[in-house]
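Hi,

Here is the structure I promised to pass on. My notes on what turned up are below it.

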Amino acid sequence: GDAIRAELMAALTQTGRFIVLDRENDAALDTELNLIAQGRAPSAEMVKQAQAHLADVVWIGQMGQFEYTAHRRQLDMSDRPLVSHAGGWALSHKLVHVATRQIMLSDTVQGTLPSTAPTTLPRAVDGTKLSGDMRQRLVERTVESILQRTFPVAVASVEGSQVVLSQGGQSVQLGARYQAVVRSEEHTSELQSQR
């Protein structure tokens with residue numbers, strides 16, 4: 001869980017669209033701020049006390065699955081077990097707007113790992129690699145989910161056959177086909193009045 005949290009914080013920061021606040025180290029940060037408040041630092045440092053950012057949104061995640069399990073069945077005619085492997089990951093998450101308590105996003109991202117066929121032969125499973133691969137995919141899908149909800153892809157401009165989108169990176173895939181929807185001014189103003 002700690003590794004996923006750290007990787008998710010890094011990935012969100014690297015998008016350049018979020019300032020991620022570190023609440024895990026509040027005790028160490030408070031110690032430094034107390035030193036400033038007690039006059040143990042130059043007066044120029046006093047200004048920094050009022051510069052802490054407050055969160056606009058809070059991300060909340062709950063892991064539903066993160067496993068790659070060996071399934072064993074003892075064969076009646078043999079002393080060897082029949083073993084297969086299966087597993088995957090699932091994460092339910094939401095973004096909550098702090099000031100309004102409004103849930104901006106509620107989603108579940110999930111993935112499965114390839115199952116192995118049952119066999120009586122020994123099979124080595126690299127748990128470290130599997131865990132790393134699952135963490136990486138989970139973080140990618142979670143960031144993609146957050147970005148699609150908070151910064152949806154929009155057409156920035158069209159010149160002939162050239163289309164410029166508002167974002168790229170993980171939001172679009174090479175060779176994929178997309179459908180664009182044109183919003184009328186009436187529809188846009190209707191959406192804004194509902195906010």
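By class, the lining of the largest pocket has 28 nonpolar residues, seven polar and seven charged (Ala, Val, Leu, Ile, Met, Phe, Trp, Tyr, Cys and Pro count as nonpolar, Asp, Glu, Lys and Arg as charged, the others, Gly among them, as polar). This is a predicted model, where local features need pLDDT of at least 70 and side-chain atom pairs count only at 80 or more, while totals for chains, interfaces and linings use all residues. Numbering runs from 1 along each chain as its sequence is written, and side-chain values use heavy atoms, without hydrogens and water.

That lining is made up of 42 residues, with Phe18, Ile146, Arg149, Thr150 and Phe151 nearest the pocket's centre. (On a 1 Å grid over the protein atoms alone, a pocket is an open set of points where a 1.4 Å probe fits, with protein on both sides within 12 Å along at least five of seven lines; lining residues have an atom within 4 Å of a point.)

α1 gives the lining its largest share, four residues (helices are DSSP runs of H or I, at least four residues; strands are runs of E, at least two; both are numbered from the N terminus). Within α1, Ile4, Leu8, Ala11 and Leu12 are buried, whereas Asp2 and Gln14, on the other side, are exposed (buried is under 20% relative accessible area, exposed over 50%, with a 1.4 Å probe and protein chains only). β1 and α3 are among what covers the buried residues of α1 (contact is heavy atoms within 4.5 Å). After α1 comes Gly16, with a positive phi near 75 degrees.

Cheers
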